[in-house]
Amino acid sequence: MLALGKLLELTLAGREPAEKTQLTVEGVRMRWLSEGALEVRPPEARDNGLDLLLSAGIHGNETAPIELLDRLLHDIARGDLKPRARILFLFGNPEAIRKGERFVEQDVNRLFNGRHEQSSGSEALRACELERLAASFFSKPDRQRLHYDLHTAIRGSKIEQFALYPWKEGRQHSRRELARLRAAGMEAVLLQNKPSIVFSSYTYDKLDAEAFTLELGKARPFGQNDGVNVSLLETRLKQIIEGNEPEAEQGLDGLQLFSVAREIIKHSDAFRLNLPADIENFSELEPGYVLAEDLANTRWVIEEQGARIIFPNPKVKNGLRAGILIVPSTGENLA
Ligand SMILES: O=C(O)CCC(=O)N[C@@H](CCC(=O)O)C(=O)O
Ligand SMILES: [Zn+2]
């Protein structure tokens, strides 16, 4: 296999490849751009006009998505997968991946849409570099732009695989993209309704890509991901890469839609989240339940019917999201 197909090995070893560009037997050009960053370009005559950004390891301990991208890249480097799309593979936080930690000093996925400018340290620099790599990749006019940022979650979930769809003023969420996600095994989608500082929000908002965070199961160390079944997603990604994706069904086939009711922000060290440590994502909360308390007698009380909690985490830094309260959505504003 071509050395550049071993991007993960290079990244784990913290090494630069001797040759920065290599051609596969199929004439596919692989170009190493920076640590954990590799561009794949099909021969011009085969290019179908899609620019596909696949990122994983924005959180270093979320290894199932990293292993998935590693398999795709191996297949391309061996000539077993024949891309018609241009692809940018990104391993988001190499230092944290090497340590097997979510992050080293700060969460890279809270540093996009310019937030890195208000911060310092290696993770702020990396967020800036990831923005630059994505912006340069998505700078070609008249091409389709698609970004999947792949994650696994800290805790178990009542709905195992789901997507978060960013928001931008004046832009509608796409039914066609939702159908594509359903075909890729996603059981639910959270339709965001305000701007955010995560990677997929940056590519959606600033680079006009269709962009999603995908949650694929529970985070586990390398080699221990048998419980994370990514087979439907893997099949669909191969089809997208090879440009032979079956036309998605019109219906969303049982895909559950949610919208954000409220983001729970931790304001101080006095923040308390009144949930069991092992609570699963998408657990329902009854109206009247006191979800959280913070300084100056601030209380987060459930008011919404059908409210559920995702990503509860009282350990985040002050000022950051400590959970999202969501409610079912009918998806009436889809394009
Ligand atoms: O399990 C958790 O609490 C977090 C899992 C995770 O990393 N999720 C992403 C979601 C990004 C988004 O809001 O689109 C994150 O929190 O960064
Ligand atoms: Zn993550």
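**Domains, core and ligand shell of a predicted model**

In an unreviewed entry, UniProt places the feature "domain: AstE/AspA barrel-sandwich hybrid" at residues 255-328. The structure described here is a predicted model.

The protein is divided into domain 1, covering residues 3-242, and domain 2, covering residues 264-328. Between the C-alpha centres of domain 1 and domain 2 there is a separation of 29 Å. Nine residues from domain 1 and seven residues from domain 2 take part in the contact. On the side of domain 1 that touches domain 2, four residues are nonpolar, two are polar and three are charged.

The largest nonpolar core contains 86 residues, of which Phe89, Ala163 and Val189 touch the most other members. Helix 2 (residues 63-78) supplies the largest share of this core, eight residues. Domain 1 and domain 2 each contribute at least three residues to the core. Nonpolar side chains tend to be buried together in soluble globular proteins. When neighbours within four places in sequence are left aside, Ala163 is in contact with Leu181, Met186, Val189, Phe212, Thr213 and Leu214.

Leu181 also belongs to helix 5 (residues 175-183), where Leu178, Arg180, Leu181, Arg182 and Ala183 are buried. The buried residues of helix 5 pack against strand 7 (162-165), strand 8 (188-191), strand 9 and helix 7 (231-242). After helix 5 comes Gly185, with a positive phi near 100°.

Strand 9 spans residues 210-218 and includes Glu215. UniProt lists Glu215 for "active site", again in an unreviewed entry. Glu215 has 26 other C-beta atoms within 10 Å and is therefore classed as buried, the cut-off being 20 or more. Apart from neighbours within four places in sequence, the contacts of Glu215 are His151, Thr152, Ala153, Gln161 and Phe162.

His151 and Ala153 are also among the residues that surround ligand 1. The rest of this shell consists of His59, Asn109, Ile154, Arg155, Leu164, Val198, Ser200, Thr213, Phe311 and Asn313. By class, the shell around ligand 1 has five nonpolar residues, six polar and one charged.

Phe311 of this shell lies in the loop between strand 15 (308-310) and strand 16 (321-328). The phi of Phe311 is near 55°, a positive value in a residue other than glycine. Phe311 is partly exposed because 19 other C-beta atoms lie within 10 Å, whereas a buried residue has 20 or more. Asn297 likewise has a positive phi near 55° and is a residue other than glycine. Asn297 is placed in the loop between strand 13 (290-294) and strand 14 (298-301). With 6 other C-beta atoms within 10 Å, Asn297 is exposed.

Tyr204 is part of helix 6 (residues 199-205). Tyr204 is buried, since 24 other C-beta atoms lie within 10 Å. Its contacts, leaving aside neighbours within four places in sequence, are Pro166, Lys168, Ala209 and Ala211. Tyr204 and Pro43 are separated by 161 residues in sequence and by 27 Å in space, C-alpha to C-alpha.

How values were computed
Residues are numbered from 1 along each chain as its sequence is written. Chains are lettered from A and ligands numbered from 1 in the order in which they are written. This is a predicted model: local features need pLDDT of at least 70, side-chain atom pairs count only at pLDDT 80 or more; totals for chains, interfaces and linings use all residues. A residue is near a molecule or strand if its C-beta atom, placed from the backbone, lies within 6 Å of it. Ala, Val, Leu, Ile, Met, Phe, Trp, Tyr, Cys and Pro count as nonpolar, Asp, Glu, Lys and Arg as charged, and the others, Gly among them, as polar. Domain bounds come from an automatic or database domain assignment. Two residues are in contact if their C-beta atoms, placed from the backbone, lie within 7 Å. UniProt positions are given in the numbering used here, feature names are shortened, and annotations may be inferred rather than shown by experiment. Helices (H or I, at least four residues) and strands (E, at least two) are DSSP runs, numbered from the N terminus. A residue is buried if 20 or more other C-beta atoms lie within 10 Å of its own, exposed if 12 or fewer, and partly exposed in between; C-beta atoms are placed from the backbone. A nonpolar core is a set of buried Ala, Val, Leu, Ile, Met, Phe, Trp, Tyr and Cys residues joined through C-beta atoms within 7 Å.
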